[in-house]
Amino acid sequence: MPMPRSILDRSGVPDLDLRLVAGAWPTDLGGEIVISTSDLATAPRHAFFGDGVMARLSLQPGSHGAAEGTWAWRASVLDTPARHLRELRPDVFEATALGTTSPFGWSNAANTAPLPWGDRLFATWDAGRPVEVDPVTLGYVADVGHRDDWGSTMDAPLFPLVPSTAHPVIDPDRDCLWTVALNPMLQSVELIRWSGDGAHVDRWPVADAPIPQSMHTITQTRDWLVLADCAYRVDPNEIFDIGERTVTTFTDEPVYLIRKDEVDATTVGQPVPARSFRVGPEVMHYYAQYDDTDGITVLFEHTRNSELAMHVRADDVDAFGRPVDPALAGMYNHPMHPAEITVLQFDPETGEVRERARLWEPERFFATQLSAMDWSTEGISAPTVHHVVFTGFRPEVIVGRAVELYRDRLLPFPSEEVAPALATLDRESLKPIAEFTYGVEDYPTSPAFVPRDAGSEAAAGASRYAGSQPGGHDGYVVVPVLCDDGFRVDVFDAADVGAGPVATLAAPNGETVPFLLHAAWMPRAVAPDRSIERLRFADELAPDRLAQLPVDLATAARNVATLLA
Ligand SMILES: [Fe+2]
């Protein structure tokens with residue numbers, strides 16, 4: 001049974017003092033890795049839908065409370081307003097096919113991706129506002145933007161449903177956060193911009209830009225925002241619990257380019273124009289080169305036939321028709337297709353999309369999982385490489401129901417597991433420069449790139465997140481590895497992942513860690529600047545809102561607002 005059973009351990013993400021068990025710790029490796037995930041104790045159905053957890057791995061031994069010669073791995077469930085209310089009144093919270101609901105509204109799980117912005121840290125997800133997190137305590141700081149600024153799809157007394165993206169972007173030139181608000185009923189998308197200061201965000205509808213499915217990612221160049229429809233499609237049967245999923249993801253999707261200076265010139269609330277393109281196959285993650293002097297190029301990690309909306313149920317059969325192990329119930333349906341990555345170039349004048357490069361190595365790379373890149377301004381401007389973890393072919397967590405639903409679209413499955421791998425791709429040609437193959441009992445996940453010497457004299461003159469040679473090839477790739485024998489963290493030389501880890505940390509007593517989602521790197525973890533104006537939960541407790549709640553729940557909300565003040 002190659003899949004680690006500990007991947008769905010509901011006892012939470014433990015705090016650990018990790019020990020060096022192999023190799024030598026690089027002296028020019030520092031900063032903090034932050035990782036989002038879902039609290040599985042509150043994810044009784046789909047593993048993606050638990051309350052948000054933020055974990056932090058400190059890359060300096062003996063820091064953040066770790067004993068000398070050990071590395072601090074710390075994790076905390078985010079104490080958002082909804083989480084506090086759940087703790088006060090667990091009886092009124094309910095798991096549904098779309099997440100957690102209660103008479104207060106839709107809980108913001110904020111469990112998918114950490115988003116650093118200078119010394120600030122945000123946690124995101126696809127159906128809620130970004131949430132600011134204290135990088136030191138890993139506690140809740142504030143939601144981004146007043147509820148009423150976002151134009152909710154489904155209103156609720158306190159927590160409206162806010163379909164959005166789990167991957168907003170920070171604009172290094174405008175020093176702002178760009179994200180989106182979606183309306184799945186109208187299939188419309190609106191741009192959201194936040195300066196980082198204040199309790200309000202600005203919103204513009206995007207004209208003539210239907211989004212038939214969802215939008216997990218947005219990306220940007222210096223002059224353009226790039227918005228692609230993503231392969232996560234809602235099925236009314238699931239939402240209303242009236243039957244099995246019958247819809248499949250679309251095999252291609254619209255992509256919209258929006259000029260930032262046209263947004264600047266448009267009054268808030270008025271529609272902004274978009275150039276429309278079509279690409280395929282399906283996508284979830286995509287990353288533009290920020291410098292668009294030589295054209296608008298975007299790396300797309302395609303997710304052909306990846307039905308992430310489905311999850312393993314205890315009575316399912318797997319990809320080979322075998323009964324699933326009930327211990328894996330809740331795990332998301334794993335990809336059913338080899339990895340496929342492209343670099344596409346967009347011409348807003350002609351509407352043409354040109355493929356510049358493609359990765360297609362079906363024997364070696366099955367299922368693109370998560371990737372790591374240099375997120376410094378210099379790194380996104382001129383990326384050199386793209387590091388990718390491939391999950392491998394994992395038949396135990398491919399749901400027979402999904403195989404049936406996608407039968408006409410699937411390639412024949414491999415006859416046995418394909419091992420997970422870490423590969424470094426040339427950012428221009430997508431040729432694999434180096435690769436490292438794991439054992440099938442390992443589950444590498446959540447890679448992060450750490451630039452060498454960031455903030456040091458060697459990197460003098462560079463931006464704070466940049467190392468001495470930005471682009472992604474000079475530094476380290478840090479890869480958490482889930483395994484029933486104990487949690488590990490592998491550190492690779494970003495220039496030569498094929499040589500294997502240069503250092504490995506491990507849980508001291510073979511402790512395990514459940515599944516993890518996106519990771520990011522920050523140069524340091526410091527307490528939030530409290531002089532910045534932020535939204536307070538109390539700001540959203542208007543009398544007319546509280547009046548929509550039973551008296552006891554309104555009292556609970558007031559008590560939480562007092563606690564968070
Ligand atoms: Fe993502």
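Biologist: How many of the seven residues of strand 21 (residues 296–302) are buried?

Modeller: This is a predicted model, and burial is read from relative accessible area, with under 20% counting as buried. In strand 21, seven of the seven residues are buried, so the strand is largely enclosed by the rest of the structure.

Biologist: Which residues point one way from strand 21, and which the other way?

Modeller: I296, V298, F300 and H302 point one way. T297, L299 and E301 point the other way, and all of these residues are buried.

Biologist: In what order do the strands of the open sheet stand, and what is the pairing?

Modeller: Two strands pair if there are at least two bridges between them. Here four strands form an open sheet in the order 20-21-22-23, with antiparallel pairing. Strand 20 (283–288) and strand 23 (352–359) are at the edges; each has a single partner strand, so one side of each is left without a neighbour in the sheet. From one strand to the next, the twist averages 25 degrees.

Biologist: How many bridges join strand 20 to strand 21?

Modeller: Five bridges join these two antiparallel strands, and Y286 stands opposite F300 in strand 21. Strand 21 is also joined to strand 22, by seven bridges, again antiparallel. On that side H302 is opposite E340 in strand 22. Strand 22 (residues 340–347) is in turn joined to strand 23 by seven bridges, and D347 stands opposite E352 in strand 23.

Biologist: Are H216 and H518 buried or exposed?

Modeller: H216 has 8% relative accessibility and therefore counts as buried. H518, at 11%, also counts as buried.

Biologist: Where is G30 found, and which residues is G30 in contact with beyond its neighbours within four places in sequence?

Modeller: G30 is in the loop between strand 1 (16–23) and strand 2 (32–38). Apart from those neighbours, G30 is in contact with L59, Q60, V450 and W521. The C-alpha atoms of G30 and L59 are separated by 4.9 Å, although the two residues are 29 residues apart along the chain. G30 has 23% relative accessibility, so G30 counts as partly exposed.

Biologist: How does the radius of gyration of the chain stand against that of a compact globule?

Modeller: With 565 residues, a compact globule would have a radius of gyration near 24 Å; the chain has 22 Å, which agrees. The C-alpha trace spans about 60 × 55 × 55 Å along its principal axes. Of the 565 residues, 61% count as buried. Among contacts with a separation of 6 or more, 68% are between residues 24 or more positions apart. The secondary structure comes to seven helices and 33 strands.

Key:
Residues are numbered from 1 along each chain as its sequence is written. This is a predicted model: local features need pLDDT of at least 70, side-chain atom pairs count only at pLDDT 80 or more; totals for chains, interfaces and linings use all residues. Side-chain values use heavy atoms; hydrogens and water are left out. Axes are lines fitted to C-alpha atoms, for helices over the stretch in contact, and angles run from 0 to 180 degrees between N-to-C directions. Buried means under 20% relative accessible area, exposed over 50%, partly exposed in between (1.4 Å probe, protein chains only). Contact means heavy atoms within 4.5 Å. The radius of gyration is taken over C-alpha atoms; the globule rule is 2.2 Å times the number of residues to the power 0.38.
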